Amino acid sequence: MKDIAYYNGQIGPIDEVKAPVTDRGFYFGDGVYEAAIVRGGRIFALSDHLDRFYSSLSLLRIAPPLERDAFAALLLNLCQKVDGDGIHVLYWQVTRGNAHRRHTFPQDVKPSLMAFVEPAGLDPVDKPMRLLSMEDTRFFHCNIKTLNLVPNVMALQQAAEAGCEEVVYHRGDRVTEGAHSGLAILKDGVFCTPPADELILPSVTRLHCLQLCDQLGIPVRIAPFTVDELKNADEVLILSTGSHCVPACALDGQPIGGKDPALLHRLQQAYQEKFTAEMG
């Protein structure tokens, strides 16, 4: 199969698997999700994604649909049914279940699980992104990978219409993250990233970069940084599952970064080596 989908036991092509309109994901966004890269039937950083997934479920008080090992086996089985050894994306989400619309948690309802695998590509790491800054007006639960992404969708559309590829969210002067990626900067040889508090998603790619910095002997600073600090950074990094570690070249139409390509390349190369070693 070129692609495959799953919903509460149904399996088939993406365009054929159906979900009921009473799934609370439709009218409340009452669920959590993850996305990972697949190659040759293997899932990159599956354990890290599952750590965040089960944490998000716990924070929203949604019961896991399966025990962790059984859930991992289900995802791997789906990935191995897809044709070809190229790059695919695996997306999965769990909602609180199917029930008639009431704000309070429904009783005696099982969580609903949806997943799909389809061809995808990684963003080229040698193509810098243009950024657009905007006030972060989202809620204070950004550490949960919730389905409630309307503010992110609206922000990224505004960025696209301005000729940009990503957003720099900030609360006052504190930089938080992008609309669909994490942010970090390189300054004076130091990898700087915001703390993983309730204002940012605990990015899997951020975690990997911190691990690689430790292996490479690159100093790390985990602390808030300002919009001005981002503008004056040696490099601005976009961190995500689909791009790994891509630099930014402009913010609000003004040039940024491009001052430490050697350290940037060193980190990018280490990440690519990690990906290749795990995925083959």
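Modeller: On a 1 Å grid over the protein atoms alone, a cavity is a set of points where a 1.4 Å probe fits but cannot get out, while a pocket is an open set with protein on both sides within 12 Å along at least five of seven lines; a residue lines either one if it has an atom within 4 Å of a point. Points are joined across faces, edges and corners, and the volume is the space filled by probe spheres set on them.

Keep in mind that the model is predicted, so local features need pLDDT of at least 70 and side-chain atom pairs pLDDT 80 or more, though totals for chains, interfaces and linings use all residues. Numbering starts from 1 along each chain as its sequence is written, and side-chain values use heavy atoms, without hydrogens or water.

Let's start with the open space. The largest pocket comes to about 830 Å³. Its lining takes in 36 residues, and Tyr33, Lys145, His180, Ser181 and Leu201 are the ones nearest the centre. By class that lining has 19 nonpolar, 12 polar and five charged residues (Ala, Val, Leu, Ile, Met, Phe, Trp, Tyr, Cys and Pro count as nonpolar, Asp, Glu, Lys and Arg as charged, and the others, Gly among them, as polar). At least two lining residues each come from strand 3 (31–39), strand 5 (87–95), helix 4, helix 5 (204–216) and strand 13 (235–240). Helices here are DSSP runs of H or I with at least four residues, strands are E runs of at least two, and both are numbered from the N terminus.

Helix 4 is the top contributor to the largest pocket, with four residues, so let's stay with it. It covers residues 150–161, and its 12 residues should span 16 Å at 1.5 Å a residue; the end C-alpha atoms sit 17 Å apart, in agreement. (The expected span is 1.5 Å times one less than the number of residues.) Asn152, Ala155 and Ala159 are its buried residues, where buried is under 20% relative accessible area, exposed is over 50% and partly exposed is in between, with a 1.4 Å probe and protein chains only. Looking down the axis, those buried residues fall within an arc of 70°, so they line one face of helix 4; the arc is taken from the directions from the helix axis to the C-beta atoms. The buried residues of helix 4 pack against strand 7 (129–135) and strand 8 (166–171), with contact meaning heavy atoms within 4.5 Å. Turned away from that buried side are the exposed Val150, Val153, Met154 and Glu161. Just past helix 4, glycine 163 has a positive phi of about 80°.

The second largest pocket is about 160 Å³. It has 14 lining residues, with Phe28, Asp30, Leu60, Arg96 and Asn148 nearest its centre. Five of the lining residues are nonpolar, six polar and three charged.

The largest holds about 60 Å³, and its lining consists of Thr176, Glu177, Gly182, Leu183, Thr193, Pro194, Ile200, Leu201, Ser203, Arg206 and Leu239. That makes five nonpolar, four polar and two charged residues. Leu201 turns up here as well as close to the centre of the largest pocket.

The second largest cavity holds about 40 Å³. Around it are Phe44, Ala45, His49, Val204, Thr205, His208, Thr241, His244 and Tyr271, which split into four nonpolar, five polar and no charged. Helix 5 gives the largest share of that lining, three residues.

Buried along helix 5 are Val204, Thr205, Arg206, His208, Cys209, Leu210, Leu212 and Cys213. Their cover includes helix 2 (46–59), strand 11 (190–193), strand 12 (220–222), strand 13, strand 14 (244–251) and helix 7 (261–279). Arg206, one of those buried residues, is also in the lining of the largest cavity.
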